[in-house]
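Subject: Structure handover

Hello,

Here is the structure for you to look through. My notes on its side-chain contacts follow below.

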Amino acid sequence: MKYSRARIPLLLFAAPLVVGCTFVNVPLNPADAPVTERRTNHTHAALLRASLPTEDPAAPKLARDDGYFVGVAISGGGLRSANYSAAVMFELQRLGLLDRVDAVSSVSGGSLTAAYYCLAPDRDWNPGNLQRKLTHRFAHDMWVQFFLPWNTFALAFTDLDRSDLLARSLKHELFTRGEHELTYGDLRPDRPRLLINATDLQSGQRFVFANESFDAINTDLAKYPVAYAVSASASAPIVLHQVTLRDFSTIFKQYRHFVDGGINDNLGVLALLETYKADNDAAQAVGQPLPYPKGAVLFIIDAGTQFNARINDQGDVGLLGGLNFGAQLSSTRLVNRASSATLAELIVNYAPSQMTADQLRQSLAELENTGAIQVKDPGGRPLDVFHIALSRAAGLKNAPYHNFGPSLDDIDTYFNIDERDADNLYRAANLIVKERFEERLVKEREMLDRDR
């Protein structure tokens, strides 16, 4: 790209103002601090206190102090997932279940809703506000910024990248309070633990933006901007640039690069299972009572659909159109297959050793057909799983129009969304919960009430 001589000084002056950073994380401990004196991250101390037994009968109790680990997993899927998951969470709140949740694990677009819930004041957590915020055209913002001359220059000659632009838009619309950019230190201690999932570009392993992961790279999680964690979780390869963190566990210049969390687990459920197990194991290791002795309840909010290219009325879609539709079909199929594999892994890993292959297949079929199943964890405790999938909109009795279910397949996994599509997602969530889950969810709430 060429610039006139008159504009070059302006661009050079503006470049320092828009320059991106290779990383935005800061160290937790000085490099020379003795290992015995190093601090660890504790950004959710109040939740940790609430989850552990206390001998003080006067200590305040949270609604989630019921002996169960209750988790919400939110799948990826751009603003389709962000809006559908918000709508399902409002349904869980209506049924008295949302305030029982101990942890929320999210992927990609679902991380917008998860992070907002864990940060927002009560007055802002309502359907009207979320519908306004989660129909904002984040992708449009990113491309407008992309073509601003000073950003174009910075993108070409500095560390500024497309994920920085997405993080800026997310920060401005969702993760700023007054003039303050929200960080992990601003998470509400009375809200669930936030587990945002990404994928390490070098190892291909899952990376969770949480205390333990940031301890490993000697980084202060409390000072890390939530917008960047969400951007990392949503950074689909090629479409967006990776989000980079400096590894401060060494004096040598080492970096970690993160992309979309859906590559490993598009449902976000594995981080919940690991957290549940780790909390119980940690208490058992030091001889304390288990924080979750009664088992676990998992609500999996899955915005996955079947891809619909909408080309049956076109004779020839052309080269670019064919490449675009083919890429979307391939990615949708791969993500759906990965999600199915995750559910299968959940059942197989938590099945009693004496279960036969046929019984495992029956359990998988039950989960697929009914959306709910109970298995046992390795300690013999019950693990109740609810798979509240958008795909269950097919065949709803009270659908607003005859092709309501298939029309949901038309909603792209993108960071722009049509308001009519968002409205349909809210309608779908309400009907799916009421027609397919409400009776069982009411019983689940009664169980949690009874066991408090």
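**Aromatic pairs**

Phe-209 has a relative accessibility of 0% and therefore counts as buried (buried means under 20% relative accessible area, exposed over 50%, partly exposed in between, with a 1.4 Å probe and protein chains only). Phe-258 is also buried, at 0%.

Some background before the rest. This is a predicted model, in which local features need pLDDT of at least 70 and side-chain atom pairs count only at pLDDT 80 or more, while totals for chains, interfaces and linings use all residues. Residues are numbered from 1 along each chain as its sequence is written, and side-chain values use heavy atoms, with hydrogens and water left out.

The structure holds 16 aromatic pairs (rings of Phe, Tyr and Trp, the last by its six-membered ring, pair if their centres lie within 6.5 Å; planes under 30 degrees apart count as stacked, over 60 as edge-to-face and the rest as tilted). One of them is edge-to-face: Phe-209 and Phe-258, at 6.1 Å centre to centre and 65 degrees between the planes. Phe-209 lies in strand E6 (residues 206-209) and Phe-258 in strand E8 (residues 255-260), so this pair ties together parts that are 49 residues apart in sequence. Helices (H or I, at least four residues) and strands (E, at least two) are DSSP runs, numbered from the N terminus. Ring pairs also join Phe-209 and Phe-258 with Phe-207, Phe-214 and Tyr-224 in a cluster.

**Salt bridges**

Side chains of opposite charge can pair when their charged atoms come close. How many salt bridges does a search of the whole structure find? The count is 16 (a salt bridge is a side-chain nitrogen of Lys or Arg within 4 Å of a carboxyl oxygen of Asp or Glu).

Asp-279 and Arg-193 form one, with the closest N and O atoms 2.9 Å apart. Asp-279 is in helix H11 (residues 269-285) and Arg-193 in strand E5 (residues 193-200), so the bridge ties together parts that are 86 residues apart in sequence. Asp-279 is buried, at 18%, and Arg-193 is buried, at 17%.

Glu-439 and Lys-443 meet in a salt bridge of 3.9 Å, N to O. They are four residues apart in helix H15 (residues 419-450), which means a separation of about one helical turn. Glu-439 and Lys-443 are both exposed.

Asp-99 and Arg-100 form a salt bridge at 3.5 Å between the closest N and O atoms. Asp-99 is partly exposed, at 42%, whereas Arg-100 is buried, at 6%. A network of salt bridges links Asp-99 and Arg-100 with Arg-445 and Asp-449.

Regards
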